[in-house]
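Please look over the sequence and the structure shown below.

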Amino acid sequence: MGTVTLGVSIAVPEPYGSLLQERRAGFGDPAAHGIPTHVTLLPPTEADESVLAEVEAHLAKVAVAGRPFPMRLSGTGTFRPLSPVVFVKVVEGAAACTRLQQQVRDESGPLVRELQWPYHPHVTVAHGIAEDAMDRAYEELAGYEAAWTCTSFALYEQGADGVWRKLREYAFGGGAPAGVPPQSTPVDEPAATRH
């Protein structure tokens, strides 16, 4: 068995997800259509394929213990100069996201890992592109607002083509996930999708 690159995130629902994905593409970010719009709970993490069932069982336990919570995005921020990222800020729901990501990476589970940076929930809208395009993203989305009730999170796998695909969605409280409609994917890709 080989290794897989996994990520766990909260998808930004429609119509917000596709709109931010299109804006990200419009700023010239080549990764825009390979990464559905999201708030990261676990950044890209290499794992042995053999632990996938254990990962899924662990995430199901985290979800059963969770409850829906309000999420609100407002305005922009940046990690520059430390990291070439412009993002839309999570102004409500950040504490719940922080708790969730701690549970996902809990030392009793299979996804234990140290983070490169302190956890800061956000929605990336530009990453690693020209400075003027980053400035444009920061300015043009400064007035952006969106709000919804977060009812689930999902496990994703990054393919060899760099595209992230949803493996499974986990509804809080153990219910059936409401399902986040797919955002745009490459034409030859199935519509299953995913931050």
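Which residues do ring pairs link into a cluster? Ring pairs join Phe69, Phe153, Tyr170 and Phe172 into a cluster. The model is a predicted one, in which local features need pLDDT of at least 70 and side-chain atom pairs count only at pLDDT 80 or more, while totals for chains, interfaces and linings use all residues. Residues are numbered from 1 along each chain as its sequence is written, and side-chain values use heavy atoms, with hydrogens and water left out.

Rings of Phe, Tyr and Trp (its six-membered ring) pair if their centres lie within 6.5 Å; planes under 30 degrees apart count as stacked, over 60 as edge-to-face and the rest as tilted.

| Pair | Centre to centre | Angle between planes | Class |
|---|---|---|---|
| Phe69 and Phe172 | 5.9 Å | 45 degrees | tilted |
| Phe153 and Phe172 | 5.9 Å | 50 degrees | tilted |

Phe69 lies in strand S3 (residues 69-78) and Phe172 in the segment after strand S8 (164-171), so their pair ties together parts that are 103 residues apart in sequence; strands here are DSSP runs (E, at least two residues), numbered from the N terminus. Phe69 is buried at 9% relative accessibility, and Phe172 is buried at 8%, where buried means under 20% relative accessible area, exposed over 50% and partly exposed in between (1.4 Å probe, protein chains only).

Turning to the cysteines, a disulfide is a pair of cysteine sulfur atoms within 2.5 Å, and the count by this rule is 0. Cys97 is in no disulfide, as the nearest cysteine sulfur, that of Cys150, is 6.5 Å away, too far for a bond. Cys97 is buried at 0% relative accessibility, and Cys150 is buried at 1%.

Definitions and conventions: Helix = DSSP H or I, 4+ residues; strand = E, 2+ residues; numbered from the N terminus.
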